[in-house]
Amino acid sequence: MAIEIKKNADGTWTVYYFGKEAGFIEPIRYNKNDRSYRAVSVHGRLTHTYTIEGAKQFVIENYA
């Protein structure tokens, strides 16, 4: 599989692209009812998204 996402013991996810680390995703909360994700590529680009799928897409787009 070209893109894989694996959950880590600390609650974050690591995104792999063809077996190499492409970035990381961390769940965050702005308030009690809001759930979002912080995504960072291995090159240091950072964003916040409302879905884990959006976070994964950001990591892959910023891997190259």
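First, the ground rules. The model is predicted, so local features need pLDDT of at least 70 and side-chain atom pairs pLDDT 80 or more, while totals for chains, interfaces and linings use all residues. Residues are numbered from 1 along each chain as its sequence is written, and side-chain values use heavy atoms, leaving out hydrogens and water.

Now the fold. We have 1 helix and 5 strands. Both are DSSP runs, numbered from the N terminus: helices are H or I with at least four residues, strands are E with at least two. From the N terminus, the order is β-β-β-β-β-α. The C-alpha trace spans about 35 × 25 × 15 Å along its principal axes. Of the 64 residues, 28% are buried. Buried means under 20% relative accessible area, exposed over 50%, and partly exposed in between, with a 1.4 Å probe and protein chains only.

Next, helix H1, residues 52-61. Its buried residues are Ala-55, Phe-58 and Val-59. Seen down the H1 axis, they fall within an arc of 100°, so they line one face of the helix. That arc is taken from the directions from the helix axis to the C-beta atoms. What covers them? The cover includes strands S2 (13-17), S3 (20-28), S4 (36-41) and S5 (46-49).

Last, the loop between S2 and S3. Phe-18 lies there. Phe-18 has a positive phi of about 50°, yet is not a glycine. Most residues other than glycine have a negative phi. Is Phe-18 buried or exposed? Its relative accessibility is 58%, so Phe-18 counts as exposed.

Notes
Contact means heavy atoms within 4.5 Å.
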